[in-house]
Amino acid sequence: MSDFHHDEEFRLHTPEFNELHQKMDRRNFLTKTSLGLGALAVGSLFGNSVFGSPLKRPGSLEDDILSALPQIAPKAKRVVYLFQAGGPSQFETFDYKPKLATMLGQNLPDSVRQGQRLTGMSANQSVLPLAPSYYKFNRHGQSQTWMSELMPFTAQVVDELCIVKSLYSEAINHDPAITFLQTGNQLPGRPSIGSWISYGLGSDNQNLPTFIVLVSKNAPKDQPLYARLWGNGFLPSKFQGVQFGSGKDPVLFLNNPEGYDGADRKEMLEYLSKLNNLQNAAYADPEVDARIAQYEMAARMQTSVPEVMSTANEPKEIFEMYGPDSKDPGTYAANCLLARKLLEKDVKFVQLYHQGWDQHSNLPSGIAGQCKATDQATAALIKDLKQRGMLDDTLVIWGGEFGRTAYSQGKLTADNYGRDHHPRCFTMWMAGAGVKHGISYGETDDFSYNIVKDPVHVHDFQATLLHLMGINHELLTYQFQGRRFRLTDVEGKVVRDILS
């Protein structure tokens, strides 16, 4: 059968259809059609964007509608999350600790450590020698914020930043710490932040995914990144992050295979769509909805992706602002520029991952290289969004999974040292929509080892992010294995002191 002129014959004479037809009794028919008409009625009142997915069934239809509607006036329409994987040292970036300069080589006081857990990499050291930063700090901007000399470009936009110095986590090793920050749980299997936002708010651009991931190709691979960090977990698969690469095919398996002409491909997909719809009519499985939506999205992306990936029309001054690497696809700088283009297309959540911040040894040279690779493009993204009038409704986030220790891991010299993992206090910053500009929030002690004012737990950060997007973190839930789950588990509070 080469076309659908005999569509009726196809449906009535297949065993699959006859079996499905028997399952569609009167009760199922009335239930499905009544819910469908009700959903259409609500959709006509609020617009298609009300529904984060065509069909979500964590509970009743009323639950779905309430979870999809913004519960708070949103400050941010979109998010770009610049994730610095490996745990950037707060001592060489944003948390200035001059007292350490007078205590070089002294053992970390027991009164500071307070018996806190150490990793196996430094637990057996006979001493924990204090290591002041090798780099100088200076005040910048009208806010007179202390910043390291390693970030001269970010220093130029410091008055746009809300620097939170009092983040903390329970996870002391990389994989559980990154998984916790990105999914709300240290164990794999939960949906990522971007997936939750995609599920709750839907899309503002039907030709591109709601959640797009970019990974720097040239960063040191000291710690692995797993696709589950941007996965959908137990949510329908249409909410997973889509990774864009830098090669010939930015999205794998998007283009037609070699040897397939358009007509053959179209015919095959039409038959596949028919089969999916038959299965969906019988079982109402959300994964079938997701599968259909993904095929439809892939067809639209075949034209939209080449356009958004091209930087041919970017003026010279834009490349100069982002730095020379911005012309090399897949670098951090090029990904920052691409992120701006995706945000312009109303992609709701863009996540960049840049590895290489895990400096257990040779930290002074290692972190200098990391800052050189990221500083200019990070600042350029903020400037670029601001000059286009987009910073007011775009939330920019920068940070890693935990901080580093005040003491040196391994041998300490005057110009070389390393730092171990430290989850009990670390620094992140936000800029743009809904957050105060030019402030520092939270304080750590003289050793940046303990928080002394305004602690912010990982779940608090997640709750605040969702709040800025117009979502009450306690109401955005999904029923799985008999329980309603949410990003913040059973914790989290919005950090209202940093909201504008």
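Strand β4 (residues 161-168) pairs with β11 in the antiparallel sense, over five bridges. The model is predicted. Across this pairing, Cys162 stands opposite Met430 in β11.

β11 also has strand β8 (residues 394-399) as a partner. That pairing runs antiparallel too, with four bridges. Here Val396 has Ala431 of β11 as its bridge partner. The two pairings of β11 are set out below.

| Partner of β11 | Residues | Sense | Bridges | A residue pair |
|---|---|---|---|---|
| β4 | 161-168 | antiparallel | five | Cys162 and Met430 |
| β8 | 394-399 | antiparallel | four | Val396 and Ala431 |

How many residues of β11 are buried? Seven of its seven, so the strand, which spans residues 426-432, is mostly covered; buried here means under 20% relative accessible area.

**The chain as a whole**

The protein chain holds 14 helices and 17 strands. Of its 500 residues, 52% are buried. Its accessible surface comes to about 22300 Å². Carbon and sulfur atoms own 52% of that surface.

**Glu92**

Is Glu92 buried or exposed? Its relative accessibility is 0%, so Glu92 counts as buried. Glu92 sits in a loop, between β1 (78-84) and α5 (110-113). Leaving aside residues up to four places away in sequence, Glu92 touches Ser133, Tyr134, Tyr135, Phe137, Ser148, Leu150, Leu363, Ile367, Tyr417 and Arg419.

**The second largest pocket**

α12 gives the largest share, four residues. By residue type, the lining of the second largest pocket divides into ten nonpolar, nine polar and four charged residues.

Notes. Residues numbered from 1 in each chain as written. Predicted model: local features only at pLDDT ≥ 70, side-chain atom pairs only at ≥ 80, totals over all residues. Heavy atoms only, no water. Buried < 20%, exposed > 50% of the residue type's maximum accessible area, 1.4 Å probe, protein only. Areas by Shrake-Rupley, 256 points an atom, 1.4 Å probe, with all protein chains shown as cover. Pairing = 2+ DSSP bridges. Contact = heavy atoms within 4.5 Å. Nonpolar A, V, L, I, M, F, W, Y, C, P; charged D, E, K, R; others polar.
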